[in-house]
Structure formats: structure tokens, C-alpha cells
Amino acid sequence: MNPFKTLPTLSFLFLTLLGLAHAATFDITNNCPYTVWAASSTGDAGDGKRLDQGQTWQITAASGTVRARIWARTNCNFDASGKGSCETGDCGGVLQCKGYGKAPNTLAEYSIDQYAHQDFIDISNIDGFNVPMEFSSNSPGCTRVIKCTADIVGQCPSELKVAGGCNGPCPMFNTEEHCCNSGNCGPTNFSKFFKERCPDAYSYPKDDQTSLFTCSTGTNYKVIFCP
């Protein structure tokens, strides 16, 4: 028996264990007085779960995960096969999401084990707002707490109002001014509406300075709907 034939398997096992060592867990809890259908996605893979009030769902993100999102869907109806629709946050009409959700949806966004072994985390209202949210560390090594709990739906400008939520100006108007596709834009009156109510959350695409936060890789997290 050639012992070197086992090297690829051992290498794969080592890389797998290394990825698990730097993985992050996310405890997603619904404190809202209504049912939500939690969702998570990296854009091409994801999952989803119904959460009644007080229920928690735990997911794991591997080291190197980028551009991942967690959000709540509201007023959903799914059949036994997991097909259906949601009033806000719908992800292609399925319970177990593959792609991102449809605006409006309050987003918890993260990338794990990036530059200098840092995790990057944020709450974003660029795609609008549907459910109040907290996104925070669940580990003693990081004390970061991000919240967006204002009555954005109740105070939403008429131009952004949609059923069940307050849409973001980019998905609503799809213009360079609001979407910043060229990378050169600033805050608008609509983005300021969100920023004034949730100062720690992204309100437009170039809002990094006051909205993007870090924790050391190895931190675990919690996302709370209606904290």
C-alpha cells in the first residue's frame, strides 16, 4: 500500500478542520409578537426556517464566508414542499433560500475571517426595513452591539412605503444617485431618513465609516428580530 495515496484525504481533512476552527455560529432569535421566517444566504446558497415568538435557530458560517446575509421574512405562506411566498424578504418563493431576499428587508451582513483575521459585520437598510433588528457578539472577546429598532415602517416617507415595510431608495428608484454603481455618491434625503433613525446601520452604499464594524475571527454572534 502506498502511504502517499492518503495525503490528499489528509490534506482535505486538515483544511476542513481548519475551516471549522474559525467558523462562526449565529443564534437567530425571534422576539417579535408574530411569526417570521428567518433566512440566511451567501447569494448562491442558503437556508430558511420558520420562527415563532421566542424561538431560536442556529446556523454556522465557515471561515472565508463573504457577503452573507441574515434577514426576516414576514407574512409568508408555504406549502408542504416548501414553496410559497412572503410579503417582505421573499427569496424566490421557497422556504429554504438560495439567493438573497427581495427588498424591503432589514439585513444583518457579515464576512468571516477576512483581513488580519477580522470578521466584518453590519446592519444594512440599503434594501429598506421590515423588522427591527439587533446584530451583536455572542462571545466575551468582542462587545460590539449594532441595533436598528426605530419605527421606520410607521414613519416611512410615502415615496418608499410598500406593503409590510419601508423600501430603500436604491431598490425603489434604481438610479445612480441612490445605488452608487459608479462608486461615487453621497447621502440623499431618503438615506438620511434611515440614518437619523438607525445611526449604526448602512443607509447608502458608501456609508462604511459609521456602519461597518469588526470582531476578531473566532467570535460567535446573535441576531435578534424585535430586540
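N125 touches T106, C148, I152, G168, F194, C198, A201 and Y202, not counting residues up to four places away in sequence. The model is predicted. N125 sits in the loop between β8 (118-124) and β9. Its relative accessibility is 0%, so N125 counts as buried; the cut-off for that class is under 20%. Two strands pair with β9. Strand β10 (residues 145-148) runs antiparallel to β9, and the pairing spans 4 bridges. Within this pair, M133 has C148 of β10 as its bridge partner. C148 is also one of the residues touched by N125. Strand β14 (residues 221-225) likewise pairs with β9 in the antiparallel sense, here over 5 bridges. F135 is bridged to V223 of β14. In a regular strand, side chains alternate between the two faces of the sheet.

D207 provides another buried loop site. This residue is found between α5 (189-197) and β13 (213-216). At 7% relative accessibility, D207 counts as buried. Beyond its neighbours within four places in sequence, D207 is in contact with K195, A201 and Y202. A201 and Y202 are also among the residues that N125 touches.

At the level of the whole chain, the secondary structure comprises 5 helices and 14 strands. The radius of gyration is 19 Å. A compact globule of 227 residues would have a value near 17 Å, so the chain agrees with that expectation. Along the principal axes, the C-alpha atoms fill a box of roughly 75 × 45 × 35 Å. Buried residues account for 46% of the 227 residues. Of the contacts between residues at least 6 apart in sequence, 62% join residues at least 24 apart.

The chain exposes about 11,300 Å². Carbon and sulfur atoms supply 52% of this area. Charged side chains number 17 positive and 21 negative. The centres of the two sets lie 4 Å apart.

How values were computed:
Residues are numbered from 1 along each chain as its sequence is written. This is a predicted model: local features need pLDDT of at least 70, side-chain atom pairs count only at pLDDT 80 or more; totals for chains, interfaces and linings use all residues. Side-chain values use heavy atoms; hydrogens and water are left out. The radius of gyration is taken over C-alpha atoms; the globule rule is 2.2 Å times the number of residues to the power 0.38. Buried means under 20% relative accessible area, exposed over 50%, partly exposed in between (1.4 Å probe, protein chains only). Contact means heavy atoms within 4.5 Å. Accessible areas come from the Shrake-Rupley method with a 1.4 Å probe; for residues, only the protein chains shown count as cover. Lys and Arg count as positive and Asp and Glu as negative; His and the chain ends are not counted. The place of a charge is taken as NZ of Lys, CZ of Arg, CG of Asp or CD of Glu. Two strands pair if DSSP finds at least two bridges between them.
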